[in-house]
Amino acid sequence: MKLKELGRTGEKLPVIGVGTWKLGFERQNEIESIRYAISNGAGFVDTAEMYGTEELVGEAIKGSNVFVATKVSPHNFHKEDVIKSCNASLKRIGIKQIDLYQLHWPNKSIPIAETMSAMEQLVKDGKVRHIGVSNFDIKELEEAQAALKSNDIVSNQIEYSILVRTPENGLSNYMKENHITLIAYSPLARGAIFTKKYAPVGALLSEIGTKHGISASQVALAWLISKPNVVAIPKASSYLHTKQNVESGSIELPEGDLKKIDSFLPNGP
Ligand SMILES: NC(=O)c1ccc[n+]([C@@H]2O[C@H](COP(=O)([O-])OP(=O)(O)OC[C@H]3O[C@@H](n4cnc5c(N)ncnc54)[C@H](OP(=O)(O)O)[C@@H]3O)[C@@H](O)[C@H]2O)c1
């Protein structure tokens, strides 16, 4: 499993983490899959108070050394609500400290300075190690960073996949220049790359995959994590999907194949 620096913290993060949105339908299998991922190098699990999966994550990670990322929902961005949410997440996950606490979406109706003051309080109190955001554009990142007194925004979790290329319109470069890790969510386009609607994308990924003896999904993930500041958090329910995704974290595609994918659908679907 390759590792990348988180922001400019000096700390290394596995390039493939575990997404957990919509887990819970096959609880025991999913718990086993998360444990498999952790013991095979993907010791980075992403959840959110909104997902209803924090308890499942807590059960899966019990006793293991894993980087835990969770999120506070936008309606909880007032100072006392951020603190309450964090305490509730810590309790549900069963940990004493959250490694990465993220603002799930921007919320224009609550001043970012108030929310960030709560986030910094949580860092001071030892309940949170790093502050991140999610679904923020460049302007929102600038405002959020300006509202912090003694911490950096280390990451922005945004949608990025072969089908959704919006970060390539400036945001990804801005984040690279400012040492903000891009955590790519829905990196398999929520499974859309395997559907008839996107057959040409599937065909390209399969063609490259066949050449290297890997799956189309592994090509899609290996392409994403070939970008300098990108890590990805695919969600998988099954052991087979989890295994494929974890293995992607060690795959390096030749430059020619990466370029082929880069130039495919350059303006999105
Ligand atoms: N910050 C945000 O606003 C936000 C928004 C959306 C998502 N997220 C995060 O990002 C994570 C991942 O995104 P996502 O769940 O939307 O979509 P995704 O990871 O792009 O796709 C998940 C879909 O792909 C399938 N899949 C997974 N691995 C596969 C493989 N190796 N081969 C074939 N199919 C595979 C899954 O099937 P199975 O389940 O059957 O394995 C599922 O249907 C979420 O779980 C969540 O943690 C964050």
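**Burial, fold and packing**

Guide: Buried residues make up 45% of the 269 residues in the protein chain. A residue is buried if 20 or more other C-beta atoms, placed from the backbone, lie within 10 Å of its own, exposed if 12 or fewer, and partly exposed in between. This is a predicted model, in which local features need pLDDT of at least 70 and side-chain atom pairs count only at pLDDT 80 or more, while totals for chains, interfaces and linings use all residues. Residues are numbered from 1 along each chain as its sequence is written.

Visitor: How many helices and strands does the protein chain have?

Guide: Helices (H or I, at least four residues) and strands (E, at least two) are DSSP runs, numbered from the N terminus. The protein chain has 10 helices and 10 strands. Its C-alpha atoms fill a box of roughly 55 × 40 × 35 Å along the principal axes.

Visitor: Which residues does Leu-103 touch, beyond those up to four places away in sequence?

Guide: Two residues are in contact if their C-beta atoms, placed from the backbone, lie within 7 Å. Leu-103, which is found in strand β6 (residues 98–103), touches Val-72, Phe-77, Thr-115, Val-133 and Ser-134. Leu-103 is buried, having 28 other C-beta atoms within 10 Å.

Visitor: Which residues touch the most other members of the largest nonpolar core?

Guide: In soluble globular proteins, nonpolar side chains tend to be buried together. A nonpolar core is a set of buried Ala, Val, Leu, Ile, Met, Phe, Trp, Tyr and Cys residues joined through C-beta atoms within 7 Å. Here the largest core has 74 residues, and those touching the most other members are Tyr-101, Ala-184, Ala-220, Leu-224, Ile-225 and Ala-232. Helix α8 supplies the largest share of this core, eight residues.

Visitor: At what angle do the axes of α7 and α8 cross?

Guide: Axes are lines fitted to C-alpha atoms, for helices over the stretch in contact, and angles run from 0 to 180 degrees between N-to-C directions. The axes of α7 (residues 199–212) and α8 (residues 216–225) cross at roughly 95° and come within 8 Å. The two helices are therefore roughly perpendicular, a term for angles of 65 to 115 degrees. Among the residues making the contact are Leu-205 and Ile-208 of α7 and Val-219 and Ala-220 of α8.

Key:
Angles under 35 degrees count as roughly parallel, over 145 as roughly antiparallel, 65 to 115 as roughly perpendicular and the rest as oblique.
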